Structures are given as structure tokens and as C-alpha cells.
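Open the model in your viewer and keep the selection panel at hand. The tour below goes from the interface to the sheets, one selection at a time.

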There are 2 protein chains.
Amino acid sequence: MSPKPSASLNILGRLPRIVVIGGGTGLSVMLRGLKQQPLDITAIVTVADDGGSSGILREELQMPPPGDIRSVLAALADAEPLLAEMLSYRFNNGKGLAGHSLGNLIIAAMTDISGDFVTGIRELSRVLAVRGRVLPAANQAIVLKAEMSDGSVVVGESSIPKAGGAIKRVFIEPPDVDPLPEAVGAIEQADAILMGPGSLYTSIIPNLLVPKLAEAIVNSDAIKIFVCNVMTQPGETDDYSVSNHLDAIQAHIGHPIFDYVIVNDGEIPEQVHSMYAEKGSKAVLVDMDEVTRRGYKVIADTLVLFRTYLRHDASKLSQHIYQLVTDWVQRKG
Amino acid sequence: MSPKPSASLNILGRLPRIVVIGGGTGLSVMLRGLKQQPLDITAIVTVADDGGSSGILREELQMPPPGDIRSVLAALADAEPLLAEMLSYRFNNGKGLAGHSLGNLIIAAMTDISGDFVTGIRELSRVLAVRGRVLPAANQAIVLKAEMSDGSVVVGESSIPKAGGAIKRVFIEPPDVDPLPEAVGAIEQADAILMGPGSLYTSIIPNLLVPKLAEAIVNSDAIKIFVCNVMTQPGETDDYSVSNHLDAIQAHIGHPIFDYVIVNDGEIPEQVHSMYAEKGSKAVLVDMDEVTRRGYKVIADTLVLFRTYLRHDASKLSQHIYQLVTDWVQRKG
């Protein structure tokens, strides 16, 4: 699908502004679709990661974890495919190198060259001809903690799903971290705000715990859309239905925030079910009654593709989103 | 100085082709000047390094050492200044990262992504909009060995100057390494071949030990120019005069090959002398009589700039070279 800027320019005199909030693979997959639409995209990306290459750099170089940002930059890059490939390259060998993502190392270098993380990302975005803006949820690393249903507290994003219990709530350290003014500004000027798909407690909610970000989202008159995961995540959303996802977000932010929820109602092949079941994951129950009773409007469609894993069909998903956004803009106008 | 392509296109109908052979800082400094001239540049770069970041990657990732290539790519890159800065960035912290050059890691990744070193460099050159072609002297790492005047043999490029003795000759392992066909082709089609400035035994001569490269250079009817170092290098060229440099090259290749020698005859300030003397380095004696007696023509000028170190004045040097090349092309034509 090629962009059709004229369609949207007719309404607003500019592209509709969408703010996408999250992290992880889900976010990148969706952005690859979304950037094909005539939208002005700002991605606000979590900085709570503490595992793998990001975790090592976070600890050894005292910088915010770059991994989620890197995936988003690679997804939105319009430059040379080779540059995006470089960004995603991971070293298999070499003492101290094995496991590191080259893109993470590039962000680390840019952070040092530019003097800070946010400027480094901005400069790198320019080199990569990134379509849109990529902002970390904060200009510092955030420690994510979870209070489990048994009252215990698990510290660290990567440790939370491994704990294997039921999560009662997550919270961040420091609790009063400031968001970037650009991120708050982007939310204030947004026509649409989008969350998901992605890890509920470790990619989506951490961003909502940055106090002024949550406030700006609640106060915004943008259309607010949640894209629900198709499968549950072991140690995070075991046995969750769609309404459980929405309730978890509402519990953390103190308000219901979404206008629309996009869910998959396409069939998942039996062998995919079995493959996921082995890892303790199953399809998220689409409890339509519960969701609509809470006042959410629902878009349901066959939204999954199966390759090695289940993935959202980024193209179809982004067409739904684009439609919702342009309808909203038209009604507002 | 801005390029004046029209001047040279008038003679040949194309840019004069210059092949520059070497490695190390000297080569990069000169190329920064040379790329401002309307010349078609091919750099053939040594792969004998075994120290520092290059040495670690060579050993741990089983690849040719990337450091000399990286410096040349940074010198010839026409893209974003930021990309060149990234290429030259060195990590100061991080277990396994400290000391590594980001550019070396990028070349390592590109080698893995593209399947081999030469293709990786070519792809990276494209991304960096490199002005010219950058070719390794071979598609494999070369081990450099030195026979010292006391008969002992020192193994490894980085160990040779540290041995502190007088070098009798250097040789390579494997001795019958093949050059790239593109490198031989570039030499065959060259209007000019340029060597130096740079470490005589560890950056310049290693390239001449690749059998077919030396042969192609000897057989070429290009004008052949040697840019002599301004200062001696401890453990390599202690007490060497200009003619000693030329004799060393002739001894390794079996023939005198240069038409012109470019030397500095500008004054070196006393405090620079003292600074270099502390490191065991002094000005290379310009023994004009000896040089001309051997049949070399000499260009002598004030060619040094002093910042933290002495450096060749790349702009002035490249103007001399450009003049020599265009005169040669005109006479040949």
C-alpha cells in the first residue's frame, strides 16, 4: 500500500498526528505497517529494559537501555535497507561482543558523541531518515518493579515474567521521573494515541507510569486506541481476556482511556495453538460482552499472520488504524 | 580548494586514476586532501594489523583486521559527517567493549551480513558515499614478520616496532597470498601510483609483499610517487634518511619503482623536535644528493602542519600530487 497524503491533507491541511506508545517486537511490527500510511508518527518508547544487550549497556555504560528504541528506529528507517539491517545485526562471537546488537552499540556511541541519549537518538534518526519521531519515555533508565499477587516484589523488567506469578501491579523507580517535554507536547497535539500490541506489564504500562505522560494522555482529546495482543504471555497475562488487559491498564492509570479496542477474531490454526501451548501461551479470549459493557468500541478482524511466530498483520492493522483516525479527525473537524 | 573536473576531463575524457597504497594514519591524512582533487581514487589498504581493536577482532571473529580500512573509509566518506564520526568512535567503557572502535565493529558486522570482507567493505562504502574505491590488499588477514639485524625474527605487525631493533627485512605469512583481482586491475589501469606517508615496514611494504601486487606495480606505466615521512619512527626507521626509505622499498620489491619523491623541507620548530625526541623520533634527513643520484626526481616543499602532532599538510601535498599526475597524463597523451 502506498501513502495517499492527499486524502488526509484535504481534511486537516496536514497529516493526522498519531502517537504510538509501547516497546518490544509488537510495537516494531505495527510501525512497519503504520509508516506506509499518510500519518505523522511519534513513537514513545519504554526505557525499562534490563535484560540482554540493553541490560549490559545500561549497567556498564550508565545509559538508558537502547534496545526498544533500536527496534523502532529500524522499523521506521527509510534509508538504505542495509543501514536497518546493520542496526538489527547481533554479534554471535567475540568476548564481550557476543549477544550485543550492533544497533545498541551505535546508539551507545551516539549518546556519547552527542552528549545525551535523546540527542543521540535524534541525530541517528536523521542519518537513518526515520519516518517520524522516536522519543524515549524518559531521558534516563527506569527500574520496573512488580508487586505479585502473593505480596512479593520482583525487581527488573526481565525478571518479572520469569517470576512466573500473577502480577498485581507494576511501579517504577524513580517514581517521579520526568517525561521529555517533546513527548508531552506530542501527546497534547495528537489526533490519535495508540497502545499495543506488546507486553502489557513490561512494554506498555511502564510508559503510563511516567506521571506527566499518563496525565497528558488522559487529558488529550485524541482518539485512543488499544491493539490487544493475540496470545497471552506467560508470567504476564496468563489466562487474560481482552477485558482483563483493559482493566489492568485502567487500574494503573486510574481512568478508562481507550475509545477503541482492536482485536483479532481470525482463526488460529491448531498446530499454532499447540506450539504456543508448549510455552504456556494461549489465545487471548475475546470477551466481547465484557469489553463493550465497559464502554469500549471494538474492531474485530482477522489480524494474524503466521510465520515462525504469530505476528500481527501490520498492513491490515494499520489500515484499520488509519481509517479510525481519519474518521475521528473528520468528525472532530 | 574545490574540485576542478573540467581541467582534467579535457585531457583524458575522464578523471585521472590514482591508486594509493598503504595504511595507518598517514594514508588517511593524505586521502582527506586527495579526495578534494578531481581524481578517481582507489586505495589499497594493508591487512597485516594485529594490535588493538583490529587485533582482537582478527583473532576472535576470524576476519581480516578492519582498522586501516576503517580509517580510509572515514577519510573518503562523503556522507553525513556524523557517519564518519560514528565510524571513528572508540568505546572507553564496557567489559569487552572498551578500546573497540565502533567502525571496526560495523565492518565486522558487514562482513558477516555480506558473507565476506571485501563485499562488506563495498556495501559499507556505498552507504558512506565513499569517494573512490577501498580495497584490502588481500581478502584475508596477513601475518607480518620481521627479520632483525641480529638474525632474530619478530612475529606480528604490532610487535615489530616494539622489538626496538633494526629491521633487516619483513616478510608475510602466507607468502603466496592472492591480491584482489580488482586491486591488480586498478594498478594496471592507473595513471598514478602513490605510496606513503606511513609506517615504512608495517603499513607500506606489507602491501608490496603480496606477490602479484608488486608485479603489477613494477609493470605499470603509471607515474609512481613516494611521499616520504617527515619524522623517523622508533623501532622502524630510526636514523633513516629519505634515501634509506627508498632503498628499503627497493630491497623488498627487487627494483627501484618510483619516479618522484615528495619530501618536506620546511622548518620544524625546536619545541616539536624536543617533543618527538622524547619518543625517540627525529626529522628524516633529506639527503637530496643520495636521492637524486639514485635517479629519483624530488619535490621539496614545506609540507608539515603542527597541531598535537606533526601532520602532512594534506591540501598542499595533494596539490603537488595532482600537478604531477596531470603533467604526467599530458606528457603520456
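How many residues of chain B are in contact with chain A, and how many of chain A with chain B? Select both sides of the interface: 29 residues of chain B touch 29 residues of chain A. Keep in mind that this is a predicted model.

**The interface**

Show the surface of the two chains. Together they bury about 2500 Å², of which 74% is on carbon and sulfur atoms. On the chain B side, pick out E60(B), L82(B) and I113(B); these lose the most area to chain A and together account for 21% of what that side buries.

Next, look for charged pairs. The rule finds 2 salt bridges across the interface of chain B and chain A. To see a salt bridge, select K95(B) and E60(A), whose side chains meet at 4.0 Å, N to O. Polar contacts between chain B and chain A amount to 4 residue pairs, with both residues at pLDDT 80 or more.

Now colour chain B by helix. α3 (52-60), α5 (81-88), α6 (102-114) and α7 (117-127) of chain B each supply at least two residues of the side that touches chain A. The largest share of that side, 8 residues, comes from α6(B). By residue class, the chain B side that touches chain A divides into 17 nonpolar, 5 polar and 7 charged.

**The antiparallel sheet of chain A**

Move to chain A and select β5, β4 and β6. In that order they form an open sheet of 3 strands with antiparallel pairing. β5 (153-155) and β6 (167-173) of chain A are the edge strands, each pairing on one side only. From one strand to the next, the twist averages 25 degrees. β4(A), residues 143-148, pairs with β6(A) over 6 bridges; zoom in on V143(A) to find E173(A) of β6(A) opposite.

**The parallel sheet of chain A**

Then select the 7 strands that form an open sheet in the order β3-β2-β1-β7-β8-β9-β10 of chain A, where the pairing is parallel. Its edges are β3 (133-136) and β10 (297-301) of chain A, and the twist averages 20 degrees from one strand to the next. Within this sheet, β1 (residues 17-22) and β2 (residues 40-45) of chain A pair over 6 bridges. R17(A) has D40(A) in β2(A) as its bridge partner.

α9 (residues 181-188) of chain A lies across β1, β2, β3 and β7 (192-195) of chain A, at about 125 degrees to β3(A). α15 (residues 314-332) of chain A also packs on the sheet, touching β1, β7, β8 (223-227), β9 (260-264) and β10 of chain A. The direction of α15(A) makes about 165 degrees with that of β8(A).

Definitions and conventions: Residues numbered from 1 in each chain as written. Chains lettered and ligands numbered in written order. Predicted model: local features only at pLDDT ≥ 70, side-chain atom pairs only at ≥ 80, totals over all residues. Heavy atoms only, no water. Contact = heavy atoms within 4.5 Å. Buried area = accessible area lost by both parts, 1.4 Å probe. Polar contact = N/O pair within 3.5 Å; in protein donor to acceptor, adjacent residues only side chain to side chain. Helix = DSSP H or I, 4+ residues; strand = E, 2+ residues; numbered from the N terminus. Nonpolar A, V, L, I, M, F, W, Y, C, P; charged D, E, K, R; others polar. Pairing = 2+ DSSP bridges. Axes fitted to C-alpha atoms, helices over the stretch in contact; angles between N-to-C directions.
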